[in-house]
Amino acid sequence: LFQRKNIQQKTIRKIFFLICINFLAFAIAYIFFSNGMAMKYLFWNGKTQGIFPDFFESVKDSANLTPYNNGSIYPPFAYFLLFIISRFIPQSGNFGIDSLTPNGVIFSFVFFAIISFCILILIRKIANFSRIEFLIFIFIFFFMPAFVFMIERGNIVVLTVAFLLLFIKWYDSKYLVKREIALICLCMATCMKLYPIFFGFFLLSEKKYKEILHCFVYGTILLFLPFSFMGGFERIFDFINNIIHISNSTFSDSKNFGYGYKINVTNIFGAVLEYLKLKDTVPLHVINKVLLVFVLVSSLFITMYSQKKWEKLLGCALMCTLFPTFSYIYNGLYILVPLSIFLTECMDDKKNINFVYAILFAIFCSPFPYRYLLQSLPGQNKLSISTLLDFIVLVAFLILIIIESIVQRKISTKGVQICLK
């Protein structure tokens, strides 16, 4: 039985890697014969400032520890870390905007290279990759649409994912120090991007109530203490107002960014309605609320009632990707957390659905730099094939795992009834 399960696991891994390699090879060939023009379908095409704009704008906002004067939306802990980073870059009157200086380019490259290397090492440890599998996964990782878009924007979500992977690696360690470090990492991830707080439901599903209490203490300190370095606790209201403003601005698309490169459910649904010219004929606000409630409740159901660890983590990741009112494709990096567990958990021989999941993960990780879709839509950025496929994969995961969980619970209930009889 052990040998059969091991063969099953290796077969699923082979399917994942084989699909990824084929898609990646085809994409690279397509980019080559298009003289690189196809790469634009993976990148932001609106107005931008230099390279790694998200990174340098955030570093600039944190340089003087007054981020909330400029409409910044990250929690103060993120700016505290970025303030430390800013001390390693020579400052000038144009600091943080002109990121094409040699100092800016070199430091940014080193920063993202180190974080990416840490992520790869953590995934290798969690997934127990062989040397060949790890080498293949390196190429898969660097060509993921989520990673390509993240590196072009220079978004700190990559650091958040690194914290989450370390949390998953050590949260159930037999060593107390490692367990506490894992909980602190979860809190640091949450205090950088807020949405990783959904991974706290994973601890709840594992009935780790003491750990949840520790997270509450660590999280409260990391969330509020940095305000004392950034103008005082009254800046909390500025922080909240900035988030509300950027959410409303993004929802109304006041900056004409368009529907491109966002994988949240309300964005894709809005794009389809806009394309069909139905946006003004339906109660969009009501429908959006229904969609958000559906995603949240369904993802929570997966996290709380699924029996597999990777499915629980996927439910948390779905809340971080589909639920936000604006979720760019770089948030797809959260899927690396359940993927690393999926590739290492022992598979049930009778559950052929795991082959489907492997295919879905492979599609999600593969680039599709072929064209834009629904090009008649307004805005600077159009909907790319990679964006739409990533969204479809996430929704497919959501629906399939809910069905699997319901069927599994019915089978378990019938089994108990038979035993009682």
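By class, the lining of the largest pocket consists of 18 nonpolar, 15 polar and eight charged residues, where Ala, Val, Leu, Ile, Met, Phe, Trp, Tyr, Cys and Pro count as nonpolar, Asp, Glu, Lys and Arg as charged, and the others, Gly among them, as polar. The structure is a predicted model, in which local features need pLDDT of at least 70 and side-chain atom pairs count only at pLDDT 80 or more, while totals for chains, interfaces and linings use all residues. Residues are numbered from 1 along each chain as its sequence is written, and side-chain values use heavy atoms, with hydrogens and water left out.

The largest pocket has a volume of about 1,200 Å³. Of its 41 lining residues, Asp54, Glu57, Ile73, Ile246 and Phe326 are the closest to its centre. Two or more lining residues come from each of helix 2 (53-63), helix 6 (145-153), helix 8 (176-193) and helix 11 (235-252), and helix 11 gives the largest share, seven residues. Helices here are DSSP runs (H or I, at least four residues), numbered from the N terminus. A pocket is found on a 1 Å grid over the protein atoms alone, as an open set of points with protein on both sides within 12 Å along at least five of seven lines, whereas a cavity is a set of points where a 1.4 Å probe fits but cannot get out; in either case lining residues have an atom within 4 Å of a point. Grid points are joined across faces, edges and corners, and the volume is the space filled by probe spheres set on the points.

The second largest pocket has a volume of about 410 Å³, and among the 18 residues that line it the closest to its centre are Thr190, Ile197, Cys215, Phe216 and Gly219. Helix 8, helix 9 (200-205) and helix 10 (209-224) each give two or more residues to this lining, with the largest share, seven residues, coming from helix 10. The lining of the second largest pocket divides into 14 nonpolar, four polar and no charged residues.

Leu176, Arg179, Glu180, Lys210, Glu211 and His214 line the second largest cavity, with helix 8 and helix 10 each supplying at least two of its lining residues. By class, that lining has one nonpolar, one polar and four charged residues.

A search of the whole structure finds 43 aromatic pairs, a pair being two rings of Phe, Tyr or Trp (its six-membered ring) with centres within 6.5 Å, counted as stacked if the planes are under 30 degrees apart, edge-to-face if over 60 and tilted for the rest. Phenylalanine 16 and phenylalanine 17 make an edge-to-face pair, at 5.3 Å centre to centre and 70 degrees between the planes. Phenylalanine 16 is buried, with a relative accessible area of 0%, and phenylalanine 17 counts as buried at 5%; buried means under 20% relative accessible area, exposed over 50% and partly exposed in between, with a 1.4 Å probe and protein chains only. Elsewhere, ring pairs link Trp44, Phe149, Phe257, Tyr261, Tyr328 and Tyr330 into a cluster. The charged end of arginine 153 sits over the ring of tryptophan 44, 4.4 Å from its centre, the rule being that NZ of Lys or CZ of Arg is within 6 Å of the ring centre and within 35 degrees of the ring normal.

Helix 4 (residues 102-127) has 26 residues, which at 1.5 Å a residue should span 38 Å, and its end C-alpha atoms are 37 Å apart, in agreement; the expected span is 1.5 Å times one less than the number of residues. Its buried residues include Gly104, Phe111, Phe112, Ile119 and Leu120. Alanine 113, by contrast, lies in helix 4 but counts as partly exposed at 34% relative accessibility. The C-alpha atoms of alanine 113 and isoleucine 151, 38 residues apart along the chain, are separated by 9.9 Å.

Some backbone angles also deserve attention. Just after helix 4, asparagine 128 takes a positive phi of about 55 degrees. Lysine 277 has a positive phi of about 60 degrees although it is not a glycine, and lies in the loop between helix 12 (265-275) and helix 13 (284-305). At 71% relative accessibility, lysine 277 counts as exposed, whereas the buried residues of helix 12 include Val265, Ile268 and Leu273.
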